[in-house]
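Please find below a colleague's note for a reader who is new to this structure. The points are numbered so that each can be checked on its own.

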Amino acid sequence: MPPSPLPPSAQAYAQAGVNLHMADALVGWAKAAAAQTRRPEQRSGIGGFSAAFKLPTGYQAPVLLAACDGVGTKLELAQSEGDYSSIGIDLVAMSVNDLLAQGGEPVGFLDYIAAGLLEQVWLEALLNSIAQGCVQAGCALMGGETAEMPGFYPQGRFDVAGFCIGVAEEARLYPKQDRLQAGDVLIGLASTGPHSNGYSLIRQRLQATTAQPDWLMPALLAPTQIYVKPVLALLKQLPEAIGAMAHITGGGLIDNVPRVLPEGLSANINPQSWPKAPVWQWLQTTPGCEPLTDAAMAHTFNWGVGYVLIVSKAQADTVLQAWQAMAEAPEAFVIGELIAHEGTPRVFLQ
């Protein structure tokens, strides 16, 4: 059935390149996607001027946390491949994993989508992918904004940003730097691939070589691991065991681990202590390109470790055993330890 004719008041805007029929369809897709993610605290749905949400129960002194992020130039790769199945999960993951590093439970998510032309071929798939990410994180898709901007974005190209609200008990905010000391153990949680960082370099290396195995593109477009549910379960089970957590995003292990360390402590990390998926070998030694050093890999990518827990040496085995018993938890590895080191915290590769 063809869409109803636009009223005369809307025809001028349509002639300027704005697809008002698609904007109307979007609301229906968004409501259907959001229905999968609903939480009992919601007090309004998609379609209002803002989202209303009641604080979850069970907190004595709740603290609100907020995060926002995008997916970087991985978006360009996804658009070039016409594969939108993971980008929404990436979008959710980048914000909820950041909240998690401070002990936060993600409760609500909003998205911003901007395009030259709204098209069903990617828009519906993107919204469904965002909803999948929200389900994995246990947060509600509360709404967002979709902007059609003809003449600003080329047709077939769009950008996305995500915004997440979370809540944490004030007494259980991380990092707990007073717990950290030399000898503490770094436990790395496996990533699903490059997640959403380092794609400017990845795309450069793709353009420089024709030696691309069949498995490469699926590996590069694999959705970011969402660590929320197993890590929150671990924090509930062993609340005193963990001193700090780091989400390994842009800047890799080199830049993100020091963000949670106090002055006087640094980290020794052994790159040989965890297995590397084939995608990492390909990126490090891309045919026709200058090989990347271990330092470059650890400073550009997560290099197979998407999240780090810092625990006391005495409780490391207990934490690992509890983690391995978690449902659907990614692999975990001991990747290093904290050391006494004067000055600004940093990471040393062994």
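The points below begin with one loop and then turn to salt bridges, a helix, the backbone and the surface.

1. The structure is a predicted model. Every value in this note should be read with that in mind.

2. Helix 2 spans residues 20-35 and strand 1 spans residues 62-69, and Leu55 is one of the residues in the loop between them. Thr37 also has its place in this loop, and Thr37 is buried, its relative accessible area being 4%. Setting aside residues up to four places away in sequence, Thr37 touches Gln42, Ala131, Cys134, Val135, Cys139, Ala140 and Leu141. Gln42 belongs to the loop between helix 2 and strand 1 as well and counts as buried at 6% relative accessibility.

3. Contacts of Gln42. The side chain of Gln42 reaches the backbone nitrogen of Arg39 at 2.9 Å. Beyond its neighbours within four places in sequence, Gln42 is in contact with Thr37, Ala52, Phe53, Ala140 and Leu141.

4. Is Gly58 buried or exposed? Gly58, found in the loop between helix 2 and strand 1, is exposed, with a relative accessible area of 67%. From C-alpha to C-alpha, Gly58 and Trp323 are 24 Å apart in space, while 265 residues separate them in sequence. Leu55 counts as partly exposed, because its relative accessibility of 41% lies between the limits of 20% and 50%.

5. Salt bridge of Arg39. How many salt bridges does a search of the whole structure find? The search gives 5. In one of them, the side chains of Glu105 and Arg39 meet at 3.1 Å, N to O. This pair links distant parts of the chain, 66 residues apart: Glu105 is in strand 2 (residues 105-115) and Arg39 is in the loop between helix 2 and strand 1. Arg39 is buried, with a relative accessible area of 12%.

6. Salt bridge of Asp90. Asp90 forms a salt bridge with Lys74, and their closest N and O atoms are 3.0 Å apart. Asp90 lies in helix 4 (residues 87-100) and Lys74 in helix 3, so the pair ties together parts that are 16 residues apart in sequence. Asp90 is buried, with a relative accessible area of 0%, and Lys74 is buried with a value of 0%.

7. The side chains of Glu76 and Arg157 meet in a salt bridge at 3.4 Å, N to O. Glu76 is in helix 3 and Arg157 is in the loop between strand 3 (140-148) and strand 4 (158-169), so that distant parts of the chain, 81 residues apart, are linked by the pair. Glu76 is partly exposed at 26% relative accessible area, and Arg157 is partly exposed at 27%. Salt bridges that share partners also join Arg39, Glu41 and Glu105 into one network.

8. The buried side of helix 6. Which residues of helix 6 (residues 199-207) are buried? They are Tyr199, Ile202, Arg205 and Leu206. These residues lie on the same side of helix 6 because they cover an arc of only 120° around the axis. An α-helix has 3.6 residues a turn, so residues three or four places apart point the same way. The cover over the buried residues of helix 6 includes helix 3 (74-81), helix 7 (216-220) and helix 10 (278-284).

9. Backbone features. A cis peptide bond, with omega about 5°, joins Tyr174 and Pro175; Pro175 lies in the loop between strand 4 and strand 5 (185-190). Trp303 is a residue other than glycine with a positive phi, near 60°. Trp303 is placed in the loop between helix 11 (294-300) and strand 8 (305-311) and counts as buried at 3% relative accessibility. Glu328, not a glycine, has a positive phi of about 60°. Glu328 lies in the loop between helix 12 (316-324) and strand 9 (332-340) and is exposed, with a relative accessible area of 78%.

10. A nonpolar surface patch. Leu55, Leu64 and Ile165 make a nonpolar surface patch of about 270 Å².

Notes
Residues numbered from 1 in each chain as written. Predicted model: local features only at pLDDT ≥ 70, side-chain atom pairs only at ≥ 80, totals over all residues. Heavy atoms only, no water. Patch = residues over 30% accessible without salt bridge, like charges linked within 9 Å, V, L, I, M, F, W, Y side chains within 5 Å. Areas by Shrake-Rupley, 256 points an atom, 1.4 Å probe, with all protein chains shown as cover. Salt bridge = Lys/Arg side-chain N within 4 Å of Asp/Glu carboxyl O. Helix = DSSP H or I, 4+ residues; strand = E, 2+ residues; numbered from the N terminus. Buried < 20%, exposed > 50% of the residue type's maximum accessible area, 1.4 Å probe, protein only. Contact = heavy atoms within 4.5 Å. Polar contact = N/O pair within 3.5 Å; in protein donor to acceptor, adjacent residues only side chain to side chain. Arc of directions from axis to C-beta.
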